[in-house]
Number of protein chains: 2
Amino acid sequence: MESTDKPAAVAATTTTTPSTTVAASKCPFNYSAVDVGLRVVLFAAAVIAVVVMATSKQTEMVPVPGLPTSVRVPFSAEFTDSPAFVYFMAALSTTGLYSIITALASILLGRKPSYTNTILLAFALMDVVFVGIVASATGSAGSVAYIGLRGNSHVRWDKICNVYDEFCRHIGTAIAFSLFAAILLVFLTMFSTFALYKKIR
Amino acid sequence: MESTDKPAAVAATTTTTPSTTVAASKCPFNYSAVDVGLRVVLFAAAVIAVVVMATSKQTEMVPVPGLPTSVRVPFSAEFTDSPAFVYFMAALSTTGLYSIITALASILLGRKPSYTNTILLAFALMDVVFVGIVASATGSAGSVAYIGLRGNSHVRWDKICNVYDEFCRHIGTAIAFSLFAAILLVFLTMFSTFALYKKIR
């Protein structure tokens, strides 16, 4: 990390004609370190969301329609019951994998100043795709979870969180981490774009 | 539109030293025209999604639980029945407004070369926020619509699209246009970012 700082520091102290300096030295802070840091946090958020969602299974004794209410059978709620939660798992797993690959790429390639612009562009272009993926996963899981929490009387979809409280707590936590991951990806995209912009001026 | 082309065309024909030319003339195509075009298409997609969702109300005679099946009462399905669809409407309305404001800004400010870099940055930063908004709205409306179409036997949420066919057709069309808008916003963000990148090289 320190090796990429030195040319910028040297350029700032030895010359007063910024228009003639190399574009790569114009970035005032260590882009790579912040980028890697944010991607590690993104990885953590995605992994927590996936693990919390995966461990959401809860079995409860529930009454069976058509039989007396005293007759109850064990019935499990798990994330595979809803296609929205399965999509959520697929999206957040992919994001976790993506974040760790890009963090490693940022560490390895960020040391080479010649690659920096291309990396910034590649990250900005890929990050925005993942913004869409994670935001849509958060939205889809969130809306199903909201029906589970409140139900929908118009179409007689009963809430289930009064029975499967632990399941819903897991789902809610996973969605919160997913929302955090989506916001983080928005900031990562903005960060790469702003770093590109700073190199023009 | 034509006025922004002229400096680039003149620069390309009068000089062969691209490294010394003004950064604004390095973009090989008319950024503003493509940007405005994409934003007008985005506006159309958002407006169609909002209008199709708003006109989705359908009234059907449905049986009442606890009464004989021959007894049916009129019951309406409309987008306000689901918070996910209300969020969808709010998100797509905002996106429509945003797209037309940015299209006008692109037309008015795109003629001033000094503003171009700042506009590209501002568009890229704002577009990525709207990628998140529209993607999450598409995801949330899509997952509720999927339950309406297929139901969920695990939690006994019955499908409603066998009764409210026209309503579901409207919802499905609105979601398709919203998905298109989200993809368009991803391309708009990529476009602005790539235009910034081209100005560095």
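Which side chain meets that of B:R169 in a salt bridge, and at what N to O distance?

Guide: The partner of B:R169 is B:D165, and their side chains meet at 3.9 Å, N to O. First, the ground rules. This is a predicted model, where local features need pLDDT of at least 70, side-chain atom pairs count only at pLDDT 80 or more, and totals for chains, interfaces and linings use all residues. Residues are numbered from 1 along each chain as its sequence is written, chains are lettered from A and ligands numbered from 1 in the order written, and side-chain values use heavy atoms, without hydrogens or water.

A salt bridge here means a side-chain nitrogen of Lys or Arg within 4 Å of a carboxyl oxygen of Asp or Glu. Side chains of opposite charge can pair when their charged atoms come close.

Now the setting of this pair. Helices are DSSP runs of H or I with at least four residues, numbered from the N terminus. B:R169 and B:D165 both sit in helix α5 of chain B, residues 165-200. They are 4 residues apart, about one turn of the helix.

How accessible are the two ends? Relative accessible area under 20% counts as buried, over 50% as exposed, and in between as partly exposed, using a 1.4 Å probe and protein chains only. B:R169 is partly exposed at 47%. B:D165 is partly exposed at 35%. Over in chain A, salt bridges with shared partners tie A:D35, A:R39 and A:D127 into one network.

Across all chains, the search finds 8 salt bridges. One of chain A's pairs joins A:R169 to A:D165, with the closest N and O atoms 3.9 Å apart. These two residues lie in helix α5 (residues 165-200) of chain A; because they are 4 residues apart there, about one helical turn separates them. A:R169 is partly exposed, with 48% relative accessible area. A:D165 is partly exposed, with 35%.

Chain B has a salt bridge between B:D127 and B:R39, at 2.8 Å from N to O. This pair links distant parts of the chain, 88 residues apart: B:D127 is in helix α4 (residues 116-150) of chain B, and B:R39 is in helix α2 (residues 31-54) of chain B. B:D127 is buried, at 0% relative accessible area. B:R39 counts as buried, at 0%.

B:R39 has an aromatic contact as well. A charge sits over a ring if NZ of Lys or CZ of Arg is within 6 Å of the ring centre and within 35 degrees of the ring normal. B:R39 lies over the face of B:F123, 4.2 Å from the ring centre. In chain A, A:R39 lies over the face of A:F123, at 4.1 Å from the ring centre.

Return to the region of the opening pair for the cysteines. A disulfide is a covalent bond between the sulfur atoms of two cysteines. The cut-off used here is a pair of cysteine sulfur atoms within 2.5 Å. There are 2 disulfides over all chains. B:C161 is joined to B:C168, S to S 1.9 Å. The torsion about that S-S bond is about -85 degrees, so the disulfide of B:C161 and B:C168 is left-handed. Both B:C161 and B:C168 are buried.

In chain A, the sulfur atoms of A:C161 and A:C168 are 1.9 Å apart and form a disulfide. The link of A:C161 and A:C168 is left-handed, with -85 degrees about the S-S bond. A:C161 is buried at 13% relative accessible area. A:C168 is buried at 16%.

Aromatic rings come next. A pair of them is described by the distance of the centres and the angle of the planes. Rings of Phe, Tyr and Trp (its six-membered ring) pair if their centres lie within 6.5 Å; planes under 30 degrees apart count as stacked, over 60 as edge-to-face and the rest as tilted. The whole structure holds 7 aromatic pairs over all chains. In one of them, the ring centres of A:F85 and A:F167 are 6.4 Å apart with planes at 65 degrees, so the pair is edge-to-face. The pair links distant parts of the chain, 82 residues apart: A:F85 is in helix α3 (residues 83-109) of chain A, and A:F167 is in helix α5 of chain A. A:F85 is buried, at 5% relative accessible area. A:F167 counts as buried, at 5%.

The pair of B:F194 and B:Y197 is tilted, with 6.0 Å centre to centre and 40 degrees between the planes. Both residues lie in helix α5 of chain B, 3 residues apart, about one turn of the helix. B:F194 is partly exposed at 36% relative accessible area. B:Y197 counts as buried at 5%.
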